[in-house]
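Here is a briefing on one structure. Look at the sequence and the model first, then read the notes by topic.

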Amino acid sequence: MQQNNSSKHSSGDMRIGMALAADRVMTGVFYLVAGFFLVLLFAFAGYIIIKGFAGAKLYMFAFAKGGIGNQFFNTVYLVFLALLISVPIGILSGVYMAEYAKPGRVTHFLRIAIETLSSLPSIVVGLFGYLVFIVLTHAQWNLFSGALAVSILSLPLISTTTEDALRSLPESYKKGSLGMGATLRQTIVTVLLPAAAPRIITGVILAAGRGFGEAAALLYTAGMSTDINWTVWNIASPTCALNPFRPGETLSLAIWGARTEALSADSAEIANLSSAVLMIMVLTFSILAHTLEGRIKKKMGDTK
Amino acid sequence: MKHADNTVRKWDEYMIQDAINIIDSQLAHSAETNRSQSEEDTGIYNKSENVIKIPKFSVNDLNLHYGSFHALKDISINVDKNSITALIGPSGCGKSTFLKTLNRMNDLETGVAIDGSVRLDGTDVYKDMNAIALRQRVGMVFQQPNPFPKSVYDNVAYGPRIRGIKKRSELNEIVERCLTEVGIWSEIKDRLFKSALGLSGGQQQRLCIARTLAVAPEVILMDEPTSALDPISTMKIEDLAMKLKEKYTIVIVTHNMQQANRISDKTAFFLLGEIIEYDTTNNIFLNPKNKKTEEYISGRFG
């Protein structure tokens, strides 16, 4: 009896020992994988940034021909225009999907449509944009068409983040508000959307990050040239920086152009510097998204 | 907000009184004192019975189905004005479902079919009233404290704001009045503009009651309002409920039979979707007429 007990005891000890060993091994594996991604990101970003700035000359930063300043401005302006279009529509559609859509065939179809839209190859969107925004309207390449094409890509992203953010809120917020005699619209506008704001803002910033890097969708919409005269502030002028109906080459297009056409001797350096600037922009936005989310959450007292 | 000092002093007195009340009610709990306490309750009840004739709610032959499940069966009950009505019974007996029919919160669920009538001051709430107007008159406090992720101030001002009150001075007055009414003004007046999620559970629940009071309802429905709280916070909520019944009609669902006994004027015992017995709380707890009620309150099942 006693012997039996002790043997049971030791087999139990062995089992626990095995479990602990397995636990240590798996913990190690997870650290390794996490470390691998960290190293990959640092090596990748570091290489691009260092190489980009190492070959840079001062004139390359100019907001004129030969420099990439105008391309930098075009990138920011185009993403701004794209967000102006896709944020309101994306949030409204996310609210509709989360709060109003009744389960059924129409909703199911809409969901498939949104999912398909989000996995659309950007070159297809670019060609679609070329056909609809350029050919059909008899326009030249322009920033606005580029912004529309980028919105097509960012819309599903913003819509699904909004929907997910609203769905992940505790049901008690909605019940509390409706239980006081608020309408569903009042509840959404004054309770649910503010509560979901941190996640929606993150989604928007990540969508913006995607917009920065977009090239294929812009090839045939925003165009591959840029001509800004920084002394002209008449918005109707084709050389005014703020005119959305002028061609506007972005940084990613500049990289593509410089590496494929190589019209000047310093093309490689220009492409490297553009990559470095783009990399910094995307990193900044990513970090911004997370700090902003944390800030707002902290302000709302949500420590989750 | 200028009368803050005054309020503090008043509140200190209240807090001492509060502490005494808590000790008292704990003492009153023992078997001997229970009887004399009950007699006193009956006295109060009889006194008010002369005044109160018209029921706040009158429910007739209410049946509710969740799909094919018959959740409420032929419920007929009158809820008295300015009283506390407790709904007790084992889990799944339909008491919370019934509570939700009173302000149509079950409209939010799908597959609910209702027939029979629920009348508030004689008006059928399902046929002749819209849910929004009804819920402004019949507020609700939930099992889990559910303040919005906003500041304390914005939580209380929420109801008035959605009803169109924008003037700061008016809102200030409402916020102070409601927080004072639930007894947490002095505790949290220095952190009105900080997130309500940072308050303790008991404070959050009282804030939620204040938020409900801010829309000046006539009835407050409480769905197990203390089941997530510690004993001290529970006592505070109970004392608050007793105080609030002077101005409001309260219907409370509770799993805690001592709670029903302590605070309610009338008690309805639910079982499997039916009201087995509905009577004054004293009768239910001292001379239940139905065998099942007796078994339940003496803890033999449920």
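Helices (H or I, at least four residues) and strands (E, at least two) are DSSP runs, numbered from the N terminus. This is a predicted model, in which local features need pLDDT of at least 70, side-chain atom pairs count only at pLDDT 80 or more, and totals for chains, interfaces and linings use all residues. Residues are numbered from 1 along each chain as its sequence is written, chains are lettered from A and ligands numbered from 1 in the order in which they are written, and side-chain values use heavy atoms, with hydrogens and water left out.

**Cavities**

- A cavity is a set of points, on a 1 Å grid over the protein atoms alone, where a 1.4 Å probe fits but cannot get out; lining residues have an atom within 4 Å of a point.
- Grid points are joined across faces, edges and corners, and a volume is the space filled by probe spheres set on the points.
- The structure holds 2 cavities of 30 Å³ or more.
- The largest cavity has a volume of about 60 Å³.
- α5(A) gives the most to the lining of the largest cavity, with 4 residues.
- Both α5 (143-167) and α7 (184-213) of chain A supply at least two residues of this lining.
- Among the lining residues are Val150(A), Leu157(A), Arg210(A) and Glu214(A).
- By class, the lining has 4 nonpolar, 2 polar and 2 charged residues. Ala, Val, Leu, Ile, Met, Phe, Trp, Tyr, Cys and Pro count as nonpolar, Asp, Glu, Lys and Arg as charged, and the others, Gly among them, as polar.

**Strand β8 of chain B**

- Buried means under 20% relative accessible area, exposed over 50%, and partly exposed in between (1.4 Å probe, protein chains only).
- Strand β8(B) (residues 249-253) is largely enclosed by the rest of the structure, because 5 of its 5 residues are buried.
- In a regular strand the side chains alternate between the two faces of the sheet.
- Thr249(B), Val251(B) and Val253(B) point one way from β8(B), while Ile250(B) and Ile252(B) point the other way.
- Two strands pair if DSSP finds at least two bridges between them.
- β3(B) (residues 84-88) runs parallel to β8(B), joined by 4 bridges. Here Thr85(B) stands opposite Val251(B).
- β7(B) (residues 219-223) also pairs with β8(B) in the parallel sense, over 5 bridges. Here Asp223(B) stands opposite Val253(B).
- β7(B), helix α9(B) (residues 231-244) and β8(B) make a right-handed β-α-β unit. Right-handed means that, with the strands pointing away from the viewer, the path from the first strand over the helix to the second runs clockwise.

**Aromatic pairs**

- Rings of Phe, Tyr and Trp (its six-membered ring) pair if their centres lie within 6.5 Å; planes under 30 degrees apart count as stacked, over 60 as edge-to-face and the rest as tilted.
- The structure holds 15 aromatic pairs over all chains.
- Phe53(A) and Phe61(A) are stacked, because their ring centres are 6.1 Å apart and their planes lie at 15°.
- Phe53(A) is partly exposed at 36% relative accessible area, and Phe61(A) is partly exposed at 37%.
- Phe144(A) and Phe245(A) have ring centres 5.3 Å apart and planes at 50°, so this pair is tilted.
- Phe144(A) lies in helix α5(A) and Phe245(A) in the loop between α8 (216-219) and α9 (251-260) of chain A, so the pair ties together parts 101 residues apart in sequence.
- Ring pairs also link Phe63(A), Phe73(A), Tyr77(A), Trp230(A) and Trp233(A) into a cluster.

Notes:
On a 1 Å grid over the protein atoms alone, a cavity is a set of points where a 1.4 Å probe fits but cannot get out, and a pocket is an open set with protein on both sides within 12 Å along at least five of seven lines; lining residues have an atom within 4 Å of a point.
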